[in-house]
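I open this notebook to record what I looked up in the structure. The entries follow the order in which I consulted it.

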Amino acid sequence: MTTDQVRLPDLERWAGIVARHLAPGGTFYLAEIHPFAGGLEEVPGERVVRVACRLLPAPERPEVDPIEGSYADRSAGTTGLVAYGWTYDLAEILGTLTGAGLRVEHLHEFPTAPASFWDWMVRDEARWWWLPDGKGGLRKDLPLSLSIRATKPAT
Amino acid sequence: MLDDYLKANLASWDEAVGLHVGSQMYDVEGFKKGRCSLSGIEVDELGPSVCEGTSLLHLQCHFGLDTLSWARRGAVVTGVDFSGEGVRAARALADEVGLSARAAFVQSDVLALPDVLQGSFDVVFTSWGALIWIGDLERWAQVVAHFLKPGGTFYIAEFHPYAYLLADDSSPDSLRIGYPYFQYGRPQRFDEPGDYADPEARTEHTVTFEWNHGFAEILDPLLRSGLRLEFLHEFPHTIVGLPFSFLEVCEDGLQRIKGHHDDFPLSFSLKMTKEG
């Protein structure tokens with residue numbers, strides 16, 4: 001998977017920048033691929049996902065992916081590009097936000113994704129991508145994206 | 001319907017108490033000699049908030065081992081469990097180890113607790129295999145907030161929602177998904193004759209109903225009930241208690257995935273504070 005990878009090597013610094021640029025009482029909103037979905041992989045030869053074991057962060061070891069096409073156009077010709085990605089878990093995302101002085105207001109999780117991870121995913125009329133359930137329907141049981149809202153205290 | 005689930009689960013837990021009090025896993029004899037039953041996770045993370053005289057409410061306390069371990073560390077404790085057998089065993093144990101002056105036990109379903117218990121507490125604590133028995137986390141979060149003093153601490157150490165969705169026949173290098181992360185309020189029905197503390201046991205009350213809850217489902221109701229998030233932590237290990245064959249028990253007594261000791265979260269903890 002290449003679409004989900006968070007491209008930030010230092011989440012703590014990122015949260016600090018978010019907090020610094022928020023006005024007191026201001027709102028930070030994040031909609032992102034779910035860390036759980038980031039750790040899914042195809043079972044070879046099946047249109048089924050399983051959990052790749054790497055779900056916890058290893059900041060010193062970014063994933064290195066050769067770029068083939070783009071999540072917006074899988075058949076696009078790209079040459080020689082490489083992407084580095086870091087795995088973050090929910091604890092780290094929430095922890096850096098609270099650590100930067102923000103107050104977490106909500107965490108929501110969704111069984112849909114804004115882009116397809118594999119070419120056999122299914123897009124609905126509202127343009128959300130789903131995992132098929134293998135029986136002609138859609139899988140509603142796994143978290144593929146999330147949103148977090150946090151505020152900067154007014155005082 | 002919730003009542004039917006509760007009835008089945010209660011019968012199972014009433015039966016489990018006798019098995020667990022004598023089991024190797026719970027090691028009650030060791031506890032009587034001074035062994036602390038709490039894991040390092042909750043001792044490290046909640047321990048600093050518990051000192052002499054801290055009032056602590058333990059939800060879903062089973063037969064009181066962890067409740068009494070907090071009492072030994074100075075807390076004045078109230079343990080709550082829906083099992084009458086559990087509460088009776090807890091009171092007997094408190095008497096036997098000389099802690100009954102600082103340990104009370106109440107029989108109640110957590111969701112009905114405000115009807116039977118007065119007061120508010122410095123700390124509300126719950127742990128390890130508690131949330132799967134709660135069908136209505138919205139109500140549960142209200143109960144947690146109800147019993148916290150302003151400025152008080154809620155703490156939970158639990159099996160990770162990701163761990164609960166792994167298929168039983170997974171291997172360490174192919175972790176298949178066997179159970180849903182989102183259950184939309186519908187419990188899983190299990191019918192198993194064994195017991196997690198004694199897999200050889202043949203129990204009479206074998207049917208249970210259990211809910212896997214995702215993080216949003218756990219965290220959001222707590223935020224809505226007026227608690228502020230202090231931290232969420234995730235750990236690649238857990239206390240012994242998950243039944244999967246792809247796990248191993250390590251020298252430190254914790255379970256990890258074979259060959260992947262640092263990669264996959266098996267437990268989490270959550271600390272929150274009531275505004276005030």
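**Entry 1. Confidence.** I note at the outset that this is a predicted model. For the complex, the predictor reports an ipTM of 0.90 and a pTM of 0.93. I looked up chain B separately: its mean pLDDT is 94, with 99% of its residues at 70 or more.

**Entry 2. Chain A.** I found three helices and nine strands in chain A. Read from the N terminus, the elements run α-β-α-β-β-β-β-α-β-β-β-β. Chain A has 155 residues, of which 29% count as buried. I also checked contacts in chain A between residues at least 6 apart in sequence, and 68% of them join residues at least 24 apart.

**Entry 3. The sheet of chain B.** I traced an open sheet of seven strands in chain B, in the order β3-β2-β1-β4-β5-β11-β8, with mixed pairing. Its edges are β3 (103–107) and β8, each of which pairs on one side only. From one strand to the next, the twist averages 15°. Within this sheet I examined β1 (residues 55–59) and β2 (residues 76–81) of chain B, which run parallel and are joined by five bridges. His58(B) stands opposite Gly79(B) of β2(B).

**Entry 4. Helix α6 of chain B.** I asked which elements α6(B) lies across. They are β4, β5, β8 and β11 of chain B, and the helix runs at about 135° to β5(B). In α6 (residues 137–146) of chain B, the buried residues are Leu137(B), Trp140(B), Ala141(B), Val143(B), Val144(B) and Ala145(B). I recorded that their cover includes β4 (121–127), β5 (148–159), α8, β8 and β11 (267–274) of chain B.

Entry 5. In soluble globular proteins, nonpolar side chains tend to be buried together. I followed up Val124(B): leaving aside neighbours within four places in sequence, Val124(B) is in contact with Leu57(B), Leu59(B), Val144(B), Phe147(B), Leu148(B) and Phe154(B).

**Entry 6. The interface.** How many residues does each chain bring to the contact? Chain B supplies 28 residues and chain A supplies 26. On the side of chain B that touches chain A, α8 (215–224) and β8 (227–235) each supply at least two residues. The largest share, seven residues, comes from β8(B). I divided the residues of this side of chain B into 17 nonpolar, four polar and seven charged.

Technical notes. Residues numbered from 1 in each chain as written. Chains lettered and ligands numbered in written order. Predicted model: local features only at pLDDT ≥ 70, side-chain atom pairs only at ≥ 80, totals over all residues. Contact = placed C-beta atoms within 7 Å. Helix = DSSP H or I, 4+ residues; strand = E, 2+ residues; numbered from the N terminus. Buried ≥ 20, exposed ≤ 12 C-beta atoms within 10 Å, placed from the backbone. Nonpolar A, V, L, I, M, F, W, Y, C, P; charged D, E, K, R; others polar. pLDDT = per-residue confidence, 0-100. Pairing = 2+ DSSP bridges. Axes fitted to C-alpha atoms, helices over the stretch in contact; angles between N-to-C directions.
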